[in-house]
Amino acid sequence: MVAQTYLKARRFIYRNARPIDLTRFQYHFENGTKKAVLDALAVYQNEDGGFGHALEADSWNTNSTPIQTWAATEILRELDVFDLQNPIVKGILNYLASGQDFGNDFWYGVVSSNNDFPHAPWWSAGADYQETDTYNPTASLASFYVKVGDKQHPFYKKAEEIVAKAVKSYMASAKLDMHEIYCYINLLDDLREMDMSALFDYERFKEKLIQDVHDSIEKDTSLWQKDYVSMPSEFIRSQESIFYPGLEDLVAYEVKLIRETLLESGTWQVTWKWSDYAREFAISSNWWQSYMVIKYMLYLPELLVDYLAMT
């Protein structure tokens with residue numbers, strides 16, 4: 001069954017994926033190289049160091065934006081590339097420190113130029129447009145800068161301050177959406193091995209994050225892969241995850257569901273839509289399906305053991 005899933009998924013990737021996702025698939029499953037992924041990633045980077053050009057497939061903005069730059073940092077994390085001398089990394093740090101798309105210690109989640117390009121409705125800058133009101137993606141970008149950046153750079157201290165503010169805000173928060181929680185997971189992961197004790201109480205932060213991850217996962221499994229809801233795979237990458245204990249049954253169920261809902265085409269159904277730009281969404285959803293192939297194929301091998309033990 002697993003072999004059939006892989007072969008179907010592989011065919012979908014080779015027939016449909018953008019080079020960035022094809023090279024990621026090859027890296028994870030076919031002994032591909034980091035260099036190939038980085039070469040594909042680099043074409044989305046603008047001269048200012050930020051990323052655009054629909055790297056985040058729901059926004060076709062060609063300009064650099066914090067969200068699309070965050071998407072690039074996700075791939076760097078995936079590859080374990082944190083080399084300050086890497087030109088992609090260096091460009092991102094320059095963009096983050098430039099003050100572009102940044103104010104009041106936030107990188108803007110939505111930028112006005114999104115409206116000039118096809119995009120999902122949640123990336124629209126409307127009449128009541130506010131540049132930011134959440135730590136998505138600021139918590140993740142700030143922690144990336146603190147982890148990777150040059151401590152002698154004038155912006156480094158500012159990045160540390162943003163991290164501290166982000167954690168303070170989080171500890172006082174009642175409930176966040178899954179995207180903001182994910183950014184805080186990045187923050188926790190990025191800073192786990194760094195001495196940040198002066199900035200926040202790491203253990204209290206970790207315990208609250210574990211509880212919030214558990215609370216944010218949709219417990220009505222009939223909605224999974226039908227509606228846009230939070231499932232274990234949004235937060236858990238392996239059985240070693242700090243979020244895994246207590247969610248074993250839900251993880252096992254999701255593994256089962258992933259196997260059962262594989263489309264004949266070799267991917268999984270996208271559970272959201274755009275309200276406009278139907279032609280572009282058809283393309284975007286295809287890109288997302290390639291992303292989902294990689295996500296679920298990485299999820300299956302690590303977590304399949306528990307599911308098989310229960311059947």
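**Aromatic pairs, core and local geometry of the predicted model**

Phe 102 and Phe 155 are both buried, a term that denotes a relative accessible area under 20%, with exposed standing for over 50% and partly exposed for values in between (1.4 Å probe, protein chains only). The model is a predicted one, in which local features need pLDDT of at least 70 and side-chain atom pairs count only at pLDDT 80 or more, whereas totals for chains, interfaces and linings use all residues. Residues are numbered from 1 along each chain as its sequence is written, and side-chain values use heavy atoms, with hydrogens and water left out.

The structure holds 23 aromatic pairs, where rings of Phe, Tyr and Trp (its six-membered ring) pair if their centres lie within 6.5 Å, and planes under 30 degrees apart count as stacked, over 60 as edge-to-face and the rest as tilted. Phe 102 and Phe 155 form an edge-to-face pair, with 5.9 Å from centre to centre and 70° between the planes. This pair links distant parts of the chain, since Phe 102 is in strand β1 and Phe 155, 53 residues apart from it, is in helix α7 (residues 154–171); helices (H or I, at least four residues) and strands (E, at least two) are DSSP runs, numbered from the N terminus. An edge-to-face pair is also formed by Trp 268 and Tyr 296, at 5.0 Å centre to centre and 75° between the planes. Here the loop between α10 and α11, which holds Trp 268, is linked to helix α11, which holds Tyr 296, across 28 residues. Trp 268 is buried, with a relative accessible area of 0%, and Tyr 296 is buried at 3%.

The charged end of Arg 18 sits over the ring of Trp 287 at 4.3 Å from its centre, and that of Lys 147 over the ring of Phe 82 at 4.0 Å.

The largest nonpolar core has 97 residues, of which Leu 41, Leu 76, Tyr 184, Leu 187, Phe 205 and Leu 209 touch the most other members; such a core is a set of buried Ala, Val, Leu, Ile, Met, Phe, Trp, Tyr and Cys residues joined through side-chain atoms within 4.5 Å. Helix α11 (residues 278–310) contributes the largest share of this core, 10 residues.

Gln 68 lies in helix α4 (residues 66–79) and is buried, with a relative accessible area of 0%. Beyond four places in sequence, the residues that Gln 68 touches include Phe 51, His 53 and Asn 63, contact meaning heavy atoms within 4.5 Å. His 53, in the loop between α3 (34–42) and α4, has a positive phi of about 65° although it is not a glycine, and is partly exposed at 34% relative accessible area. Asn 136 and Pro 137 are joined by a cis peptide bond with omega of about 5°. Most residues other than glycine have a negative phi, and most peptide bonds are trans.

The mean pLDDT of the protein chain is 91, and 92% of its residues reach 70 or more, pLDDT being the predictor's confidence in each residue, from 0 to 100. Over residues 304–311, however, pLDDT stays under 50. Where pLDDT is low, the predicted coordinates should not be read in detail.

Technical notes
Lys NZ or Arg CZ within 6 Å of the ring centre and 35° of its normal.
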